[in-house]
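Here are a few exercises to work through with the model open beside you. Try each task before you read its solution.

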Amino acid sequence: MKIDVIITPEYIDREYIKGKNVVVIDMLRATTVMVTAIGNGCKEVIPFLTVEEVLEKAKEIGRENCILGGERNAEKIEGFDLSNSPLEYTKEVVEGKTILITTSNGTKALTKSVGAKRIFVGCVLNGKAIAKKLAEINEDIIILNSGTNGEFTIDDFICTGYIIDEISKITNKIELTDISKTAQYIYEQNKDLEGFISKAKHYGRMKELDLMPDVEHAMKKDFTNLVPEYKDNHIIVE
Ligand code: MLT
């Protein structure tokens, strides 16, 4: 099983991902939101690239039948129900509901991954469960970091290292590219996560907006064993 890493969706080569398993990571915060919402019993999460696409879909299925979530510049979108804070996606709010979501980077990474064999939604919360699933599948993997506005991010990269480290505890039949080895090395040196993540630009933005509880939630290892999959335009757990 070969494990490679792509540092932002801008570097996706459709031919390269074709037929491969992809794990999309946006630990701060899009994939953390999705994993949290699914863990709290939502029916499905449907990711969109643009606000207009979300509004169109809401019109199609009925505004009362869905929850609109996401962000632009890390803040709630006008007219939407929820922001991109995982802590808003509680059981009381999301249980049984369809969530339509658009974020600046995470939903871009997901929608750009279409064409891959399977697309999993990963973050620190389910990193261990993702690792177990990938080890079971035992095929080539690409860990796609969502990054921030086309730039590499420390948070997604260390989360990638965590997942690779967990896979390597289960199996030694893995071939790591140099970037995968680097991600694992960085994780090994910073297992508490926070010390290293606090150097990230997006961590600074979270701090500025008083969103440290989101960051604390996003750093919880082995919080859930759910492995959501993006399939037929929606994210669910089978
Ligand atoms: C994104 O998808 O760009 C991020 O999740 C941004 C955020 O933290 O809200």
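Aspartate 26 is buried, with a relative accessible area of 5% (buried means under 20%, exposed over 50% and partly exposed in between, with a 1.4 Å probe and protein chains only). The model is predicted, so local features need pLDDT of at least 70 and side-chain atom pairs count only at pLDDT 80 or more, while totals for chains, interfaces and linings use all residues. Residues are numbered from 1 along each chain as its sequence is written, and side-chain values use heavy atoms, without hydrogens and water.

**Exercise 1.** Find the place of aspartate 26 and list its contacts.

Solution. Start with the loop between strand E2 (21–25) and helix H2 (30–39), where aspartate 26 sits (helices, H or I of at least four residues, and strands, E of at least two, are DSSP runs numbered from the N terminus). Next, leave aside neighbours within four places in sequence: aspartate 26 is in contact with Thr31, Thr32, Asn105, Gly106, Gly122, Ser146 and Asp156 (contact means heavy atoms within 4.5 Å). Then look at glycine 106, whose backbone nitrogen lies 3.2 Å from a polar atom of the aspartate 26 side chain.

**Exercise 2.** Which peptide bond is cis, with omega near 5°?

Solution. Go to the bond from leucine 28 to arginine 29, which is cis. Arginine 29 belongs to the loop between E2 and H2.

**Exercise 3.** Describe how H6 and H7 pack.

Solution. Two packed helices are described by the angle between their axes and the distance between the axes. For H6 (residues 127–137) and H7 (residues 154–170), the angle is about 50° and the axes are 8 Å apart (axes are lines fitted to C-alpha atoms, for helices over the stretch in contact, with angles from 0 to 180 degrees between N-to-C directions). H6 and H7 are therefore oblique to each other (under 35 degrees is roughly parallel, over 145 roughly antiparallel, 65 to 115 roughly perpendicular, and the rest oblique).

**Exercise 4.** Is leucine 193 buried or exposed, and what about aspartate 210?

Solution. Leucine 193 is buried, at a relative accessible area of 1%, and its phi is near 65°, a positive value in a residue other than glycine. Aspartate 210 is exposed, at 66%, and its phi is near 60°, also positive.

Technical notes:
A polar contact is a pair of N or O atoms within 3.5 Å; within protein, one must be able to donate a hydrogen and the other to accept it, and residues adjacent in sequence count only if both atoms are side-chain atoms.
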